[in-house]
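Subject: Structure handover

Hello,

Here is the structure we spoke about, with my notes below it. Please look through both when you have time.

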Amino acid sequence: MSSGGGKFKPGDRVHVRFEDRPGHIRTPWYVRGKSGWIERVYGDFPNPESLAFGGDGLPKRTLYLVAFNQADVWGAAQAPKDKVLVDIYEHWLDPAA
Amino acid sequence: MSNAPTDEHGHEHPRHELSHYAKRIYAIRDLLVEKGVISEKDIQCQIEYQEARSPANGAKLVARAWTDPAFKARLIADPKAACLEMGIDGTSINEFVVLENTEKVRHMVVCTLCSCYPRPILGRPPDWYKSFNYRQRAVNDPRGVMREFGLRLPDEVEVRVHDSTADIRYLVLPLRPRGTESLSRADLEKLVTRDSMIGVMDALPASPKD
Amino acid sequence: MARGHHDVGGLPSAGPVDQTEHVLSDWEIVADAVNQALGARGIKRTDEMRRAREEMDAEEYRDMSYYERWIASIETILIEKKILTKEEIDRRLAAFEKKWGEP
């Protein structure tokens, strides 16, 4: 797990892991298993999954603004250009083909 | 669903009529203060801090951004610093991002997982923002939600919904309404509603002149 | 698969957004302030509070109002951190209820 620099940059296509993990997770269900791209790199933050249980949140995780076409998330879009954007931590993202 | 138990005149219910948890906060507060975990002053300070925060802060930022392009650039590049310029204390926000609406793009903000909101700038979120219906529909039916708030957009306009799932707090910079070139900043502020800074509607139109 | 009850983005059958707003009651203002004060003193983190709400019973979660959920999670976290016990909260509340009485 990286904790500085981050392995993705804006424009990279990414796939959100489809995991059903217990604990405090801030990756919403509706984007798990979906593909989008990096819009922004927000930098490193303490991991909320650890903070939620009194942990120190270390090592920090890189947080990204990940954009998705609405059609790719829901199967259909209200309008062709519409998007949904979610703040997702690096350990939930894999490079997409 | 139990909610603020006021009667139709908005009078407070006597405490013995409050719901289970509503009553419990008084016991919890009393014990915390007795044990020195927090003080009465802490509580009072937080109440005052909250009272001082309202959509008027956001409206000031937006109206200035509309009339001062250099300020707008600063607001987008470093929102917390721009707030401080205006005497607005946004320092308790971890990360603050301003989303600029244009003729071609509209932004809308939600927190589907709970109800994160830029409280240090705008104050407390409205009940509807925290509601299940908003949290469920903002991400897959933003145009339907916008229509409920009176905003109908053509398909060519891109709608970008931000789900604020982490420590980033988002503020929408609404589009400046047409025909407002002659308005003062104070008058422009009146057009900037809280809901336009969440993104479910545009700013109010300029009033028609007689 | 265990999707959390709080993880509601995109769930079907949501109705119109009710735009009615209510003026906060005193107990809600107190809950808000206590929550913020505990955070300012570093006693609890927002992440812990969110987790406590996620661990609540799903039906309770949907039946409670926003600030009731906050109060429930404040209590859970304070007890978890051994700052207060349920028994002492019960006792203090009982004393208050006696004072508040019924007219």
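Two residues are counted as in contact when their C-beta atoms, placed from the backbone, lie within 7 Å. On that basis, 53 residues of chain C are in contact with 51 residues of chain B. Please keep in mind that this is a predicted model.

The B–C interface

On the side of chain C that touches chain B, at least two residues come from each of α1 (26–40), α4 (66–80) and α5 of chain C. The largest share is that of α1(C), which gives 13 residues. By residue class, this side of chain C divides into 27 nonpolar, 11 polar and 15 charged residues.

One helix pair across the interface

Two packed helices are described by the angle between their axes and the distance between the axes.

- from α1(B): Lys23(B), Arg24(B), Tyr26(B), Ala27(B), Ile28(B), Asp30(B) and Leu31(B)
- from α5(C): Glu88(C), Ile89(C), Arg92(C), Leu93(C) and Phe96(C)

Seven of the residues in the contact of α1(B) with α5(C) are nonpolar and five are charged, with no polar ones.

Chain B as a whole

Chain B has 11 helices and four strands. Its C-alpha atoms fill a box of roughly 55 × 40 × 35 Å along the principal axes. Of the 210 residues in chain B, 44% are buried. Among contacts in chain B with a separation of 6 or more, 65% are between residues 24 or more positions apart.

An enclosed helix in chain C

How many of the nine residues of helix α2 (residues 46–54) of chain C are buried? Eight are, so α2(C) is largely enclosed by the rest of the structure. A residue counts as buried here if 20 or more other C-beta atoms lie within 10 Å of its own. The buried residues of α2(C) are Asp47(C), Glu48(C), Met49(C), Arg50(C), Arg51(C), Ala52(C), Arg53(C) and Glu54(C). Their cover includes α1 (48–51) of chain A, as well as α3 (58–63) and α4 of chain C.

Regards

How values were computed
Residues numbered from 1 in each chain as written. Chains lettered and ligands numbered in written order. Predicted model: local features only at pLDDT ≥ 70, side-chain atom pairs only at ≥ 80, totals over all residues. Nonpolar A, V, L, I, M, F, W, Y, C, P; charged D, E, K, R; others polar. Buried ≥ 20, exposed ≤ 12 C-beta atoms within 10 Å, placed from the backbone.
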